[in-house]
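Me: Could you take one part of this model and go over it closely for me? I'd like the cut-offs spelled out as you go.

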Amino acid sequence: MSTQTDNQLIFELSRPGRRAAAQAPRALPEERLSAIPQALRRKQRPALPEVSELQVVRHYTNLSTRNFAIDKQFYPLGSCTMKYNPRGANRAAMLPGFLGRHPLAPESHSQGYLACLFELQEFLKEVTGMQGVSLTPMAGAQGEFAGVAMIRAYHEARNDDARTEILIPEAAHGTNPATAVMCGYKVREVPVNKEGDVDLEALKAACGPQTAGLMMTNPSTCGVFERQIDGIAKAVHEAGGLLYYDGANLNAILGKVRPGDMGFDVIHMNLHKTFATPHGGGGPGAGPVGVSERLKPFLPTPIVGREEDGRYRWLDQHDLPQSIGHLSAFMGNAGVLLRAYFYARVLGREGMIRVGEYSTLAANYLLKRLEAIGCTPAYPARRASHEFILTFAKESKTLGVSAMDIAKRLLDYNQHAPTTYFPLLVPECFLIEPTETETKEALDEFVAAMESILAEARDNPELLKGAPYSQPVRRLDDVKAARELDLVWSNV
Amino acid sequence: MPFIPHTSDDVQAMLAAIGADSIEDLFDEIPAHLKAGALAGLPEGLSEMEVTALMAARARQDAGALCFLGAGAYEHHIPAAVWEIATRGEYYTAYTPYQAEASQGTLQTIYEFQTLMARLTGMDASNASVYDGASGLAEAVLMALRANRKSKSGRVLMPEAVNPRYRQAVAAICENQNVELVSVPFNTAEGTTPVAALADHAGEDFAALVIAQPNFFGALEDVDALTDWAHAQGMLVIALVNPTALALLTPPGEWGEKGADIVIGEAQPLGIPLSSGGPYCGFMCCKQQHIRQMPGRIIGRTVDLEGRPGFTLTLQAREQHIRRSKATSNICTNQGLAMTAATIYLSLLGPEGLEAVAAHSHANTQDLVARLSAIDGVSLAFASPTFHEAVLRLPKPASEVLPKLAERGIIGGYDLGLDFPALADCVLVCATETRIADDIDLYATVLAEVLA
């Protein structure tokens, strides 16, 4: 006998005629719809579920418990900065005055909201060392798009139209090359050396009159600080290109080093990482962009400005005629921006500096502890930034146990797995990012779990290959998922 | 230290394990001249109580007006359960379901969302959502260019009656990808896009025609005729729809002889608050044959090692983390929380409930139009039937009237002169099920006074 705690679909709970009656207005007589021509009317109601309010609440409450989450587990997903998401930020962003504000409400009815956004712009400028900020991009990837689109607009405004290429280190996030292509550029990858730094000679050789810019993260996805950043900036700038900073790893250096001071011309920030807004099972995020002086005219609109009398107003195409334009229907993910604003105000100056310090402390501690139990760092000679890479190439070869097997077994120890198989250039790797909000005990528990799993790998590798055992499902058949596409439920 | 748990003993023990004397030592690979200064532009930190009080005062400052604005964002009643559940920590603080076994909650929710949207639109497949309707329309245009292999022109027909903010976003996002958006004028008596307006383009090469239902003016297009015309010309049809309206209107999958090919829309009306414009949630559906050209996350149902059903990310070979520069888009998230809210909302409303919401919104707008157009000098601008928005012509420029209404606590609609100079005396008004008869009376009274 099945119960609702099984993973039945909401559609399977449906019974004709059942309703959550409190949730809809009374039905209207048909003549109130007479203005809509019959030819345009739907012939059959959509097959939405017919369920009670309690069934809905119970179904989605039970479903939610089938997730790992920061609120439940250590979640050391590298490059994702899964730090604590303050509850206070959620409550503040859900205040009725903010939730009920229509995006096109007049400025006279928006001063409170605009004040928060204006201050957030200023905070982000200060902490990144950039000269202008636009909050509108709705995700990191859209921030990247805005950044590269601005680089393009800049070159075009100077009639410098021979620049057709974006340089990208081979360790970069996949969004970087995908973004460059969306902006009409060709991608040239630059090799990374054995110590995790960009191959500077190769970069210099790749720079030229065709170079529009370079996209990079620093610290890089190798989990190390790029020590030659001065040389890189010089090479790209001398060739007439601009430097783009992918803010995915900003948490590592928050308060310690500013991208603007490193010579970057444009950056995006992932507020859902560095500024602790929730990841929400895959979104929404926010990807504000910051720019140096020369790119300010091209910022995406709208931006919040302040008049001399202290009133706030939207700056739009009229104020920024060279802007790359609007990237959303309105002005980005406002609710996410308000959560980030709350976080910035609670942290303040001192708190902001501590983020980089303690995330780096946690990562270096975890790295040393894992090294001590026999894990292999990918870059043993280097300091970790806020994250680091382990490689299980040796275990894979000698024991037949892959990084994926270890990742799946970690779930049985109630630890979320780190990022696996990224960056692509390190075989059988984990990218581990503990963040500053985890206790030393939590880090120690992860080490204990890894120690136990490495022992299992030696004694009983088959155990790992069958993992996980404790989750709602065992390992899933991804090949069947792709070959026999089942993307929507069919009752037939 | 806000949100940082380490005691000084912890710090000493951790530094000892690392073999470093101080935290500063951990930054010894960073060139000294690059170290940040004092960050003097940042304020001192505050407590939760203090920041909450500050933000509550600001939120109150913006509250209280009676709003008749739509124009792409709609105030509907949101059942209490929607956000009580969507903000549970298990949904709120999870990430992208890369570890499928530990993310079945999020994955099944997405699968249910995909099913709901496919059923509402009458399409075969859906993705897990995109950022919003406007950027989603840009993705739909790019998808149509990939999917229509016979078309070589890179051109798409974009009616002027499509939300101008959506058209702007499409232009900004597609600008560098050799896409040409060719606009189609609307009929100034009807406020719609007649097939006759397309006749000039018969026989030309376009990858797709965008059809908005209802369009930006709230007017209902002859979607069957437009769809059949586009298909006869070898174009794909991109349907831009309001999800609430779909409870009453023909779903895009049934438009014309063959139905629309790609459907895009804004899921905000489905349980997502106005919230100053975001986060919202674009939904995107298509015919099965185009699924491999779809951008964004897609969830599939499969089985585990023991044959039990389960859910996983699928068709990842389209995506940036695998395909890099050859991906269908750089998008790498969906609007998880907003999508979860929409899923819960549709489950609570059900087919009858959603229809009732749509019917009340339509009927209230009819009442609003009747009341306001009874005022001297106010008239309906277009003759077409509408869903829950309509264009009223005023005896004065909208830019003069709306601020006066705002001074008296009424946000009276959208000034169409901002985008259409010929409609400078026109205002786009909206009344959903939340604008009751008393609200409508008040608007009519105040407008009459302002115009007197």
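Reply: Let's start where the chains touch: the contact draws 170 residues from chain A and 162 residues from chain B, with two residues in contact if their C-beta atoms, placed from the backbone, lie within 7 Å. Bear in mind that this is a predicted model, where local features need pLDDT of at least 70 and side-chain atom pairs count only at pLDDT 80 or more, while totals for chains, interfaces and linings use all residues. Residues are numbered from 1 along each chain as its sequence is written, and chains are lettered from A and ligands numbered from 1 in the order in which they are written.

On the chain A side, helix α11 (residues 334–372) gives the largest share, 22 residues; helices (H or I, at least four residues) and strands (E, at least two) are DSSP runs numbered from the N terminus. That side of chain A splits into 88 nonpolar, 43 polar and 39 charged residues (Ala, Val, Leu, Ile, Met, Phe, Trp, Tyr, Cys and Pro are nonpolar, Asp, Glu, Lys and Arg charged, the others, Gly among them, polar).

Further along chain A, helix α13 (residues 403–412) meets helix α14 (residues 440–459): their axes come within 10 Å and cross at roughly 125° (lines fitted to C-alpha atoms over the stretch in contact, with angles from 0 to 180 degrees between N-to-C directions). That angle makes α13(A) oblique to α14(A), since under 35 degrees is roughly parallel, over 145 roughly antiparallel, 65 to 115 roughly perpendicular and the rest oblique. On the α13(A) side A:Ile406, A:Arg409 and A:Leu410 make the contact, and on the α14(A) side A:Ala449, A:Ile453 and A:Glu456 do. By class, that's 4 nonpolar, no polar and 2 charged residues.

Now the strands. In chain A an open sheet of 3 strands runs in the order β10-β12-β11 with antiparallel pairing (two strands pair if DSSP finds at least two bridges between them). β10 (388–391) and β11 (419–420) of chain A sit at the edges with a single partner strand each, so one side of each has no neighbour in the sheet. β10(A) and β12 (residues 429–432) of chain A are joined by 4 bridges, and A:Phe388 stands opposite A:Ile432 in β12(A).

A:Gly305 has A:Arg313 as its bridge partner in β9(A). Of the hairpin's 5 residues between the strands, A:Gly310 takes a positive phi near 90°.
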